Amino acid sequence: MKQWFLGIGLITVFFSQTVQAEIVFVTLEKDNALAIVDPIAGKLLKTIDIGQRPRGIILSPDYKYLYIATSDDDTVKIFDAETFVEVGQLPSGEDPETFALNPKGDRLYISNEDDNLVTVIDIPNKTEIAQIKVGVEPEGIAVSTDNKWVISASETTNMIHWIDVATNKIVDNTLVDPRPRAANFTADNEQLWVTSEIAGTLMILDVKTRQITKKIRLDIPGVSADKIQPVGVVIDKQRRWGYVAIGPANRVAVINAQTLELEKFLLVGQRVWNLAFSADQKRLYTTNGRSNDISIIDLENHKVTKSIGVGRFPWGIVSKP
Amino acid sequence: MISRFFMNRFLLKIILVLLLGHTALTYAESIQVIKIAYITQEKKIPAALSNLDAFVQQKGLIGAEIAIVDNNTTGQFTQQSYELKKIIVPVSADVVEIFKQQVGEDISLIVSNLPRTQLMSLVNLDLAKEMLFFDATTTDDELRNKQCQDNILHMLPSRAMRADALAQYMMKKSWNKWFLVMGMMPADQAYAKAIKRAAKRFGIKIVAEKQWTHTYDARRTAQSDVPVFTQGVDYDVLVVADEQGLFGEYFEYRSWIPRPVVGTQGLVPTSWHRTHEQWGAVQIQNRFKAKVGRWMGEQDYGAYLAVRAIGEAAVRTKSRQMKMIKDYLLGSDFALQGYKGNPLSFRAWNGQLRQPVLLAAARSLVAVAPVEGFLHPKTELDTLGFDQSESACNNLNKETLPVKPLLKGTYDSENANSYQQIIQQIINKIKQNF
C-alpha cells in the first residue's frame, strides 16, 4: 500500500516536471487575452489580458520574448516569455495581423493588410526600417531559414511577392490561385508551400524558379467544396509531413512531403486556422476559432488526442519548450 | 519584272517579320493600359419612407474606384495600368447621345450602372458589338432570359436567385406557408413573380397573395391598415415585394398574427450587406467606409466586382482585348475573389455571375445561401436562379471553354491592333518609297 502511494507520488513528481517542460501560448482575438496552456497535462493554466484583438504571435529564437500583434492597438507588443510582463512595444503600421521573424531574431516583417504594405522592423532598436509596397491585402508572410527571402502573399492581388532580404525590394512575383492565405518554406528552403482559401488548394512552389510545381486539391469526400478553405500550413523539419488547416471543414490535411500526395484528414475543432509544432515536433497544435479550443495531434500516430477549451476566438499559437 | 515584284514581296515580308519581332520586344517592356468606362445617370431623389437613410447619388462609382486602385496595385507587378473613364449623364440628358460622344474606339469594356431600358438602348448600338458590358446594377430576370444579350455580363444576383435563396432558408426553417404582399410598381410585380417561381420550385405554398393599394403615409397606414390587411389568413411568414421601400417596413410588429417579415424588407436576400464580415469582407467594408464614410452598398459591390473581374482576366491573360477578356471570364479557369467564401464565376449560358446570396436582417447576418443540403451536380451555387436547363437565353456559348493564360514571352495578342497599325504604317511607308 505504501509502495503504491510512493509510486503515485513519483508519477506526480515526474508529471509536474514535464509540465514545466512545455507551454503553449494562444492569442484570443475576442477575449483580448493570451491563454497559457500546459499541453501535456491538457490544462489551461491561466489567461492574461494583453491588449485589443491579439492575433499574430511569435516566440523569439532564444525563447525569451513573445511578440504579439494587438491589431486594434496598432502595435506589436513584446512580453517576457517567463513572467508574461509586457517589456516593450514595436512600431507596426496599421492593423498588424500576421508577421514573420528572421532566423537571427532581429528583424520582424509585418503585413499591413489595409495599406498594402510590408513593414520591416529592427527589433533591437525598435524602429521601422522599411516599408515595402505589395499587392492588395497582404496576409501570409514567411522568411526562409537561410535568410534570403521574405515572401508576402496578397489575398486580392493573388500573388506571392518575393522580397530580397538584403535590399528589402521585390525581385519577383508569382501569380497563384485566388486568395492565397498562408505560406511557409520547407526547412531546406527548396520549396514554398502556399494555401489558396478560395480554390481550396495547396500549391508547392519551387524556390529556385519561383514557379508552382504542384497543386494539391484538398477535397474531402462528403464535405461541400465551399467549406474547403485552407489556411495555416506547416512542414516538419525532415520534410516528411506537411499539415494544412482547412478552416470551416474542421480538419487538418496530412500531406506526404516527399511524394506531395494527400495522406489523410484529421478531424479537429471548428474553423481551424493556425498550426504550431511542439519543439520536438512530436505534437501539432491547432487553433479552432469557432469551437474556442485548441486540438492536440500526436504526430507519431497522426491521431487527435485532446482538445482544450481556451477562450473566445483562439487565433495564433506558439509552443515554448 | 514579275520576279522582281515577288522578290520585293519576299523582302517586304522579311522586313515585316524583323520589325514585328522588334516591336514585340519593346511592347513587352512597356506598360499595358486597360481602359474601362463607367456609365451612370443621375437620379431624381425618390420619395422615401423615412429620413433614416440619406439618399446617395453616386451608388456604385466608389466601388469601381476602389477596384481600379486594387487593379493598379496588382498592375505594378504585371506592367499594367488601369484607367477608369467616368461618364455621369445628367438627369435630363440622353444616355445614348452622351455614350456615343464620350466612349471612343479605344474603350471596349463598359461598366454600366443604368436601369434596364437605358442599358438595352446601349447594348443594341452598332458600336456596342465590339464591346462588353458589365451590368453592375440590374436584378432583372428578363434581361437574363428571353431578352438576354451576348455582350452583357450581370454582376448582381437576379431576382430569381434572391427568391431562391430566401426559399431555401425558409425550407430549412420549415416556414413553408407564405403570405405574399406586393406593391403597385412593375419592379414589385417582377419581384413577386420571382417569389412565386421560388415557391413552386421548392414546394412552398403561397396561402394568400394581396396587392398593397393603401396610402404610403405612416401616420394612418401603419397601425390601422396593416392588421386588417393581414387578418383572416394563417401563414408562417409574410413575404413583401416592395423594391422601393414605400410600405414594406410597416408590416413588422403590426401584422394581425405575430409573424416574421421577409423579402424586400425584414430578412432580405442581397448580394452585399453591412452585417457581412466573414471571408475577409470586413477588410473591404473597412476600406470602403474609410474612403467615403458610408457603408458599401449592392451597386458598389457590383461595380467593384466588374472592375476586379476585368483586372483578374487582364492579369491572367496578359491581354486587354475585349475578346480575350470575355473568353477568359466565361471560361472555367476564371475564379473571382468576392469576399463570400466561394470563388465567383460566370454562367456561360446567360452571363450571370454565380455567387452566394446573403440573407440579412438589419443588424445581423442570418444565413448565406446556398443553404446546406441543397445539392447540385455541378455547383451548389447553381441551385440559385435559372439553371442552364431552365434558361431561356441561348445567346452565349453553351460550352465553357477553358482558356489557358499565355506564357511569358509568347505572342502577346493584346497588341494585335497595334501590330496591324504598325504593319499598315510600314506598308504605307514602303509604298511611298516605291
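This is a predicted model: local features need pLDDT of at least 70, side-chain atom pairs count only at pLDDT 80 or more; totals for chains, interfaces and linings use all residues.
Of the 321 residues of chain A, 59% count as buried, and in chain B, which has 434 residues, buried residues make up 53%.

The contacts within each chain can also be sorted by how far apart the partners lie in sequence. Among contacts in chain A between residues at least 6 apart, 40% join residues at least 24 apart. In chain B, when contacts with a separation of 6 or more are considered, residues 24 or more positions apart account for 70% of them.

## The interface between chain A and chain B

The contact between the chains draws 29 residues from chain A and 25 residues from chain B, and the area buried between them is about 2,100 Å², with carbon and sulfur atoms giving 49% of that area. Across this interface there are 2 salt bridges, and one of the salt bridges found in the model pairs A:Lys227 with B:Glu372, whose closest N and O atoms are 3.4 Å apart.

On the side of chain A that touches chain B, strand 14 (159–164) and strand 15 each supply at least two residues, and strand 15 gives the most, with 3 residues. Sorted by class, this side of chain A has 8 nonpolar, 9 polar and 12 charged residues.

A:Asp177 sits in the loop of chain A that runs between strand 15 (169–175) and strand 16 (180–185). With a relative accessible area of 10%, A:Asp177 counts as buried, because that value is under 20%.

The side chain of A:Asp177 takes part in two polar contacts described here, one with the side chain of A:Thr201 at 2.8 Å and one with the side chain of A:Lys215, also at 2.8 Å. When neighbours within four places in sequence are left aside, A:Asp177 is in contact with A:Asn158, A:Ser196, A:Ala199, A:Thr201, A:Met203 and A:Lys215, and also with B:Arg316 of the other chain.

## Nonpolar cores

The largest nonpolar core has 45 residues, of which B:Ile36, B:Leu109, B:Val111, B:Phe134 and B:Leu329 touch the most other members. Helix 9 of chain B (residues 298–317) contributes the largest share of this core, with 11 residues. Taking B:Leu109 as an example, and not counting residues up to four places away in sequence, this residue touches B:Ile34, B:Lys35, B:Ile36, B:Ala37, B:Leu132, B:Phe134, B:Ile310, B:Met322 and B:Ile325.

Another core, of 30 residues, lies apart from the largest one, and its members include B:Trp178, B:Leu180, B:Val237 and B:Val357.

## Backbone features in the loops of chain B

Most residues other than glycine have a negative phi, and most peptide bonds are trans. Against that background, B:Gln79 has a positive phi of about 55° although it is not a glycine. B:Gln79 lies in the loop between helix 2 (61–78) and strand 2 (80–89) of chain B, and it counts as partly exposed, because its relative accessibility of 38% falls between 20% and 50%. B:Tyr253 likewise has a positive phi, of about 70°, without being a glycine. The place of B:Tyr253 is the loop between strand 8 (237–241) and strand 9 (261–263) of chain B, and with a relative accessible area of 81% it is exposed, because that value is over 50%.

A cis peptide bond, with omega about 5°, joins B:Ala369 and B:Pro370. B:Pro370 belongs to the loop between strand 15 (364–369) and helix 11 (416–433) of chain B.

B:Gly104 lies in the loop between helix 3 (95–102) and strand 3 (109–113) of chain B, where it counts as partly exposed at 29% relative accessibility. The C-alpha atoms of B:Gly104 and B:Leu127 are 9.5 Å apart in space, while the two residues are 23 residues apart in sequence.

Conventions. Residues are numbered from 1 along each chain as its sequence is written. Chains are lettered from A and ligands numbered from 1 in the order in which they are written. Side-chain values use heavy atoms; hydrogens and water are left out. Helices (H or I, at least four residues) and strands (E, at least two) are DSSP runs, numbered from the N terminus. Buried means under 20% relative accessible area, exposed over 50%, partly exposed in between (1.4 Å probe, protein chains only). A polar contact is a pair of N or O atoms within 3.5 Å; within protein, one must be able to donate a hydrogen and the other to accept it, and residues adjacent in sequence count only if both atoms are side-chain atoms. Contact means heavy atoms within 4.5 Å. Buried area is the accessible area (1.4 Å probe) that two parts lose on being put together, summed over both. A salt bridge is a side-chain nitrogen of Lys or Arg within 4 Å of a carboxyl oxygen of Asp or Glu. Ala, Val, Leu, Ile, Met, Phe, Trp, Tyr, Cys and Pro count as nonpolar, Asp, Glu, Lys and Arg as charged, and the others, Gly among them, as polar. A nonpolar core is a set of buried Ala, Val, Leu, Ile, Met, Phe, Trp, Tyr and Cys residues joined through side-chain atoms within 4.5 Å.
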